[in-house]
Amino acid sequence: MTDTATPRLTPLRLAAGPATLELLPALGGTILRYDWHGVPVLRPTDGIPEQSRVTACYPLAPYSNRIAGGRLAFGGQSWDIPRTADNHPLPIHGLTWQRPWTVTRHDATHACMEQIYEVPDARTPEAPLPWPFPFHATQTFELGEDFLRMTLALRNTGSTEQPAGLGWHPYFPRTPQTRVRAQVSHMWVNDDQSLPQELLDTGGAVGDGLPAAQVDLDNVFNGFAGQASVAWPERGMAVDLEAEAPLGHLVIFTPPGKPHIAVEPVSNMTDAFNRYARDPAPELIELAPGVRQDRATGTLLLAPGAQASATLTLRPRRLR
């Protein structure tokens, strides 16, 4: 694990009218703060944190959520995948939040950064490969007066096809009246390791609005139509999430007793790659040249040199 203390980090600050954004490229390419009219849209962070996972938002690639048993199967091979967080027994949320990003350009309202991952030459049972496939990841941020648009892309820099997943882990403030709405169709019920076991129809409950203070969720939802929102009636404010393909899944995380929640647009379900490897007849959709996606699990398949990308826009607004 490389998510270590970095006390000398300096935020990269963007501003557009009433909106401000602070980024920490060297700490996992994360968002430190996103404020609108002086009010935090994302979970605010006091000072400079020591770990990327306690920031306001971090990128998820080359996969989101957990890998069952800490072992990846793909293309007739398998690999041990090390844990990525000390408080999780399974590898979770990929590599990109663990490693520094390099800013390639920025101005007052835009920032671009990249991260290059090359597979180490050797591994041992005590030190397995962080990930068996090389990639080049990029992030772009565009800040407007009433929106924040983020794009995450991952390019296969290897010589063989590889599985991939994209997404974000944005945290939002949790107040007594916070409600979460999303256009989803089904929810996966988890086992005691937060791995999906049974798919249930939501019956429109999430679309009607979930009271975040009264639910305990860490579940992935299928059939995500790309629209979600978090509303804070006592603050007179809400934020709309607009996610574009291939982000067809949504994770809602409402940890009991915590002052935050997470609403995470992602491309793949939990343990997607292993589920895809076990499917004898997966249904694949072509998204772009060299890029296919498994309809059931959301697994992205990248040919050598191919690139997948996803875009998420946050739109804060006043409640009437």
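How many aromatic pairs does the count come to? Nine, by the ring-centre rule. I'll walk through two of them, then the cluster, the charges over rings and the pocket.

First, the pair Y58 and W97. Their ring centres are 5.7 Å apart. The planes stand at 50 degrees, so this pair is tilted. Where do the two residues lie? Y58 is in strand β5, residues 57–60. W97 is in the loop between β7, residues 77–80, and β8, residues 102–106. So the pair ties together parts that are 39 residues apart in sequence. Both Y58 and W97 are buried.

Next, W79 and F133. This aromatic pair is edge-to-face. Centre to centre it is 5.3 Å, with 70 degrees between the planes. W79 lies in strand β7. F133 lies in the loop between β9, residues 110–117, and β10, residues 135–144. So here the linked parts are 54 residues apart in sequence. Buried or exposed? W79 is buried, because its relative accessible area is 9%, and the cut-off for buried is under 20%. F133 is buried too, with a relative accessible area of 5%.

W79 and F133 also belong to a cluster.

Now, a word on confidence. This is a predicted model. The mean pLDDT of the protein chain is 94. Of its residues, 96% reach 70 or more. Where does pLDDT stay under 50? Over residues 1–7. For that stretch the model has 20 contacts beyond four places in sequence.

On to charges over rings. R43 lies over the face of Y171, at 3.7 Å from the ring centre. R53 lies over the face of W97, at 5.6 Å from the ring centre. That is the W97 that pairs with Y58.

Last, the largest pocket. About 350 Å³ of space lies in it. How many residues line the largest pocket? The lining has 19. Those nearest the centre are R53, N87, H88, Y171 and F253. Which elements give two or more residues to the lining? They are β13, residues 167–173, β21, residues 249–253, and β22, residues 260–266.

R53, in the pocket lining, is the arginine over W97. Y171, also in the lining, is the ring under R43.

Methods. Residues numbered from 1 in each chain as written. Predicted model: local features only at pLDDT ≥ 70, side-chain atom pairs only at ≥ 80, totals over all residues. Heavy atoms only, no water. pLDDT = per-residue confidence, 0-100. Contact = heavy atoms within 4.5 Å. Phe/Tyr/Trp six-rings, centres within 6.5 Å; stacked < 30°, edge-to-face > 60°. Helix = DSSP H or I, 4+ residues; strand = E, 2+ residues; numbered from the N terminus. Buried < 20%, exposed > 50% of the residue type's maximum accessible area, 1.4 Å probe, protein only. Lys NZ or Arg CZ within 6 Å of the ring centre and 35° of its normal. 1 Å grid on protein atoms, 1.4 Å probe; cavity = no way out; pocket = protein on both sides within 12 Å on 5 of 7 lines; lining within 4 Å. Points joined across faces, edges and corners; volume = space filled by probe spheres on them.
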